[in-house]
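I set out to record what I looked up in this structure, entry by entry. The notes follow the order in which I consulted it.

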Amino acid sequence: MSPPIVTPVEAMSRAIELARRGIGFVEPNPAVGAVLVADDGRVLREGWHERFGGPHAEVMALAAAGSSTRDATLYVTLEPCCHFGQTPPCSRAVIAAGIRRVVVATVDPAAHVNGGGIAELRAAGIDVEVGLMACEARRLIAPFAKLMTTGLPWVHAKWAMTLDGKIASKTGSSRWITNDASREIVHQLRGRMDAILVGVGTVLADDPALTARPPGPRTPTRIVLDSSARAPLESQLVRTARETPTIVVTTVHADADRCSALRTAGVQVLMIESDSSGHPDLEILLTELGRQRLTNVFVEGGGQVLGAFFARNLIDEVHAFIAPKLIGGADAASPLMGEGRTDMREALSLEDATVKSLDGDVYLHGWTARA
């Protein structure tokens, strides 16, 4: 069978599709895809950034194409890098391959690139076009872009709730709100995160493991917001801290002996300044996680923790799982506790929201307008 003939949009769409395969494997690098196309529109070869430290998408495609790259067009979701990092500069590999034209979806926002790769290609006489499917490509690299430009990780907010908006009954009962299909998606999401964050109330109520089952491409660090270091030494998180990285985030109000016991058990105790309510300051925490180059942080709750992130406009992406169940109760917890917004005009809107049916449950996923 001869290679397919593609239009420019089809070629870039395929590059974006390929790039998604790297999510969870390449962070803190961006997910990138590339497609090589001959003058007659035939697809020559394709590639994507498969793992952190490995060859980038352009190099993978060029290596697969061999000598057939001369005068070809390279479609790539992100500007080729022009610096030495884990790998040599992709811009030089593109130039050496004799590529005639490069179509770039979006510019690399990292300060050490940010147009430098495009300028290098143009200086070598290569025709460079920028902006084809730029919105889709920027959405793809949004967590990377945020880390590069602000130093902060991308914050995913996740909750499971009943149809009437409850994440637990008035007695705290929450197992299980959603079905097996929903929980399978949650574990898939966990497996591509750098960290999973909950409050100590969730630890005390549910004794969660906060792991991806089965394991995904990443092993997320478990993070517990725990102002007074109340996390039980016999909890699953503490007992498994030597196998799976675990951080208890606390404040100066925490008991020193409790902190020492947690450290002895293998837990990293991170003491940071408190906010006006006496809880760990979330902005300071995110700054520290960004310093550690964590790209994606999965905030799973409970309602007070999610509400605190919401109140401070720190949520970038939402994963809401809704079960066709009703539980009622004025005292039953909702996903976003706290004061909330006072006017519907202040509501936080989701963009590009998608809705998926999961054996009766509904999975609603979208990005906040601020993201």
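**Entries on strands and helices**

I began with E7 and E11, which pair in the parallel sense over four bridges. The model I consulted is a predicted one. Within this pairing, I found Val299 in E11 to be the bridge partner of Leu197.

I then looked up the pairing of E11 with E6, which is also parallel and spans four bridges. Here I noted Val155 opposite Val297 of E11. I asked how many residues of E11 are buried. Six of the six are, so E11 is largely enclosed by the rest of the structure.

Next I turned to helix H12, residues 303–311. I listed its buried residues as Gly303, Val305, Leu306, Gly307, Phe309 and Phe310. These pack against several elements, including strand E8 (221–225), helix H11 (282–291) and E11 (296–301). After H12 comes Asn313, for which I recorded a positive phi near 55 degrees.

A further entry concerns an open sheet of five strands in the order E2-E1-E3-E4-E5, with mixed pairing. E2 (43–48) and E5 (127–130) stand at the edges with a single partner strand each, so one side of each has no neighbour in the sheet. From one strand to the next, I noted an average twist of 15 degrees.

I checked E1 (residues 33–37) against E2 and found them antiparallel, joined by five bridges. Leu36 stands opposite Arg45 in E2. Helix H2 (residues 57–65) packs on this sheet and touches E1, E2 and E3 (73–78). Its direction makes about 140 degrees with that of E2. Helix H4 (residues 116–123) also packs on the sheet, touching E4 (101–106) and E5. I recorded about 150 degrees between the directions of H4 and E5.

Technical notes: Residues are numbered from 1 along each chain as its sequence is written. This is a predicted model: local features need pLDDT of at least 70, side-chain atom pairs count only at pLDDT 80 or more; totals for chains, interfaces and linings use all residues. Side-chain values use heavy atoms; hydrogens and water are left out. Buried means under 20% relative accessible area, exposed over 50%, partly exposed in between (1.4 Å probe, protein chains only). Helices (H or I, at least four residues) and strands (E, at least two) are DSSP runs, numbered from the N terminus. Contact means heavy atoms within 4.5 Å. Two strands pair if DSSP finds at least two bridges between them. Axes are lines fitted to C-alpha atoms, for helices over the stretch in contact, and angles run from 0 to 180 degrees between N-to-C directions.
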